[in-house]
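Visitor: I've got a new model to look through. Can you walk me through it?
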Amino acid sequence: MFSRKTLMIAGVLILITISIIALSMTSRRHVTDEPGQIAIAFIPPFQEIVTQLTNAAQDLWRHYFDLVRTAHENDRLRQELALSVEESRKCREVELANQRLRNLLDFKELEVFDVLAAEVVGRDPSVWFKTIVIDKGKIDGVTKGLPVVSAQGIVGQVISSGNRYAKVLLLTDPASAADALIQRSRSRGVVKGNAAPDCLFDYAVRNDDIQVGDWVITSGLDGVYPKGLVIGQVTRLIRPNENLFQEVIVSPAADFEKIEEVLIILNPEKPGEENIP
């Protein structure tokens, strides 16, 4: 019911009270009184014990309050440390975001175009569709059909637009397509999504000069993507003997899993220049 500290303090107070009463009683008697002499013989040791207990209780009490103050100080320091770590994390995130935006704005191949930066705010969770949602819409001039790119390469095409948000069909979606060129040999084909991280370069004739490592760029003939934007790089070739076309696998230059900011090209009808990696 009572804590050990409370009982200890109460005991010390009782012993001090008894000591004071005993001293008062003996002081009223003559020194030669035998009971008084007995009391004087026994009281000093008792007083010494009481004094030691009192000092110990005071030390314990001071120690207890020191511990309480230390605990409060530790809590305060932990809170300040947590706030400092959070502020440092936020500053680092802002620094990374600024660096990504600088990379987008330094995209030299888009100098002749009117572009609008947007942030990715959502992704389609379905495994069948490859889309993202961006935080720009009709009030920003974003309409259906506009191409979307990153500093690394093309991302996809706007397929629907609301007032403040728009949905972008990624290049890797099976419904997506872009007329393309092999930059080195100028062989033509169509890059299509493959429901996988990679894309297919279709309609490449079996005898076309295509090699692993070749860069694939937009041809500008599909009316969507300006000419010369990077699509990706050839990673695998399959040339079956009985087929007129060869199968070309292209790894997109843009990292669709990590993309956070994009650029929308608002006037894709203007002629562009080729992006030479």
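Guide: First, a term: a residue is buried when its relative accessible area is under 20%. This is a predicted model. Of its 277 residues, 32% count as buried.

Visitor: How many helices and strands are there in the protein?
Guide: The protein has 2 helices and 12 strands.

Visitor: What share of the contacts with a separation of 6 or more is between residues 24 or more positions apart?
Guide: Such pairs make up 59% of those contacts.

Visitor: Switching to pockets. What volume does the largest pocket have?
Guide: Its volume is about 320 Å³.

Visitor: Which residues lie nearest its centre?
Guide: K130, L170, T172, F256 and E257 do. They belong to a lining of 16 residues.

Visitor: How does the lining divide into nonpolar, polar and charged?
Guide: The lining of the largest pocket has 7 nonpolar, 4 polar and 5 charged residues.

Visitor: Now Y203. Where is it?
Guide: Y203 sits in strand β8, which spans residues 199-205.

Visitor: What does Y203 touch, not counting residues up to four places away in sequence?
Guide: Y203 touches R188, V190, K192 and F245. With K192 there is also a polar contact, side chain to side chain, at 3.3 Å.

Visitor: How far is Y203 from Q246, C-alpha to C-alpha?
Guide: They are 7.7 Å apart in space, and 43 residues apart in sequence.

Visitor: One more residue, A177. Which strand is it in?
Guide: A177 is in strand β6, residues 177-182.

Visitor: Is A177 partly exposed or buried?
Guide: Partly exposed, because its relative accessibility is 38%.

Visitor: And which residues is A177 in contact with, leaving aside neighbours within four places?
Guide: V190, V191, K192 and Y225. V190 and K192 are also among the residues that Y203 touches.

Visitor: What separates the C-alpha atoms of A177 and F201?
Guide: A distance of 9.6 Å, with the two residues 24 apart along the chain.

Technical notes: Residues numbered from 1 in each chain as written. Predicted model: local features only at pLDDT ≥ 70, side-chain atom pairs only at ≥ 80, totals over all residues. Heavy atoms only, no water. Helix = DSSP H or I, 4+ residues; strand = E, 2+ residues; numbered from the N terminus. Buried < 20%, exposed > 50% of the residue type's maximum accessible area, 1.4 Å probe, protein only. Contact = heavy atoms within 4.5 Å. 1 Å grid on protein atoms, 1.4 Å probe; cavity = no way out; pocket = protein on both sides within 12 Å on 5 of 7 lines; lining within 4 Å. Points joined across faces, edges and corners; volume = space filled by probe spheres on them. Nonpolar A, V, L, I, M, F, W, Y, C, P; charged D, E, K, R; others polar. Polar contact = N/O pair within 3.5 Å; in protein donor to acceptor, adjacent residues only side chain to side chain.
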